[in-house]
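Visitor: I am new to this structure and would like to learn how to read its features. Please take me through them one at a time.

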Amino acid sequence: MCGADDRLMVARAALHFWEEPPISGEDGSGTIFFAGCPLRCVYCQNADIALGEHAREITVERLAAIMGELQAAGALNVNCVTPTHYAPQIRAAVAVARASGVTLPVLWNTGGYETVEAVRGNAGTVDAYLTDFKYADATLARRYSHAPDYPAEALAALEAMVQAVGEPRYDTYRGQERLVSGVVVRHLMLPGALEDSKAVVRLVHERFGNAVRLSLMNQYTPVLASAAEAGNSRAAAALAACPELACTVPDAAYEELLDFADALGVEDYFWQEGGAAVESFIPPFDFTGV
């Protein structure tokens, strides 16, 4: 389902400046974008690599070397994006990199559709999790990601992550606040899904409180519309089935979500200021650093 076999496939490895402040800082997060994905979200912002269409095969040794190169370039961390289907190779690469002098915290940047066993298997490798919590509603999870069990599976995985790495903890690295352990729970607000977004915030806050840090994002980019206009038949079919995905999230809806989080008593969360839905959040998958 994830599109992976026994080859280790990577699309990009470079400094990334568009994560949350204690992840990117001023110097950038050392992001490694892996190909494939266990979900098939119809609105995927990184569809080219999620479908495995833009990636190169590398070895475990090369992956370890990339981690060293990112540290040398000034990265605040090693940020593995959609990595779980390559977990055995990544764990091996981290061990090699650490033996070679890489000291950066390792971040597991995931869509949230994890098994508890996979999370537990990362013990000793992963320092912090950047995990999505896409839906509280199974109907939306089915409509957009073909995974009606997503809410239940993501919740179980999130509990395992918190047990594994504890509450968010920060240090100061070259004068920048840096996340070194803990869990950041990201929620990308979707067009027309305000009530589900509120349900996600309520669920996560009431279950975990300050044990996780929420990140509420308004950077949804209607890539389906531009892809369909360019003649992509897959995008056109998805847009025909879900026409609401041709729109960005209205500012008023996002502000209502932030107000809802405030009213619930969520004291410390990440939020985005206007103009977040721009192409800069989607880097070119041109094999940079691979």
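Guide: E206 and R202 both lie in helix α8 (residues 194-208), four residues apart, which is about one turn of the helix. Helices (H or I, at least four residues) and strands (E, at least two) are DSSP runs, numbered from the N terminus. Residues are numbered from 1 along each chain as its sequence is written, and side-chain values use heavy atoms, with hydrogens and water left out. The model is predicted: local features need pLDDT of at least 70, side-chain atom pairs count only at pLDDT 80 or more, and totals for chains, interfaces and linings use all residues.

Visitor: What do E206 and R202 form, and how far apart are the closest N and O atoms?

Guide: Side chains of opposite charge can pair when their charged atoms come close. A salt bridge is a side-chain nitrogen of Lys or Arg within 4 Å of a carboxyl oxygen of Asp or Glu. E206 and R202 form one, with the closest N and O atoms 3.3 Å apart.

Visitor: Is E206 buried or exposed?

Guide: Buried means under 20% relative accessible area, exposed over 50%, and partly exposed in between (1.4 Å probe, protein chains only). The areas come from the Shrake-Rupley method, and for residues only the protein chains shown count as cover. E206 is exposed, with a relative accessible area of 55%, whereas R202 is partly exposed at 36%.

Visitor: How many salt bridges does a search of the whole structure find?

Guide: The search finds 15. One of them joins D286 to R12, with the closest N and O atoms 3.4 Å apart. D286 lies in the segment after β10 (270-271) and R12 in strand β1 (residues 8-16), so this pair ties together parts that are 274 residues apart in sequence. D286 is partly exposed, at 42% relative accessibility, while R12 is buried, at 12%.

Visitor: Which residue forms a salt bridge with E19?

Guide: R186 does, and the closest N and O atoms are 2.8 Å apart. Because E19 lies in the loop between β1 and α1 (21-24) and R186 in strand β8 (residues 176-188), the pair ties together parts that are 167 residues apart in sequence. Both E19 and R186 are buried. E20 also belongs here: E19, E20 and R186 are linked in a network of salt bridges.

Visitor: Which residues gather in a patch of negative charge on the surface?

Guide: A patch is made of residues with over 30% relative accessible area and no salt bridge; like charges are joined within 9 Å. Asp and Glu count as negative. Here D251, E255, D259 and D262 gather in such a patch. D262 is in helix α11 (residues 251-264) and is partly exposed, with a relative accessible area of 44%.

Visitor: Which residues is A64 in contact with, leaving aside its neighbours within four places in sequence?

Guide: Contact means heavy atoms within 4.5 Å. A64, in helix α3 (residues 60-72), is in contact with A93, V96 and A97. A64 is buried, with a relative accessible area of 7%.

Visitor: Which residue lies in the loop between β7 (169-173) and β8, and what is its phi?

Guide: R174 lies in that loop. R174 has a positive phi of about 50 degrees although it is not a glycine. F287, in the segment after β10, is another residue other than glycine with a positive phi, near 70 degrees.

How values were computed: Patches are made of residues with over 30% relative accessible area and no salt bridge: like charges are joined within 9 Å, nonpolar side chains (Val, Leu, Ile, Met, Phe, Trp, Tyr) within 5 Å. Accessible areas come from the Shrake-Rupley method with a 1.4 Å probe; for residues, only the protein chains shown count as cover. The place of a charge is taken as NZ of Lys, CZ of Arg, CG of Asp or CD of Glu.
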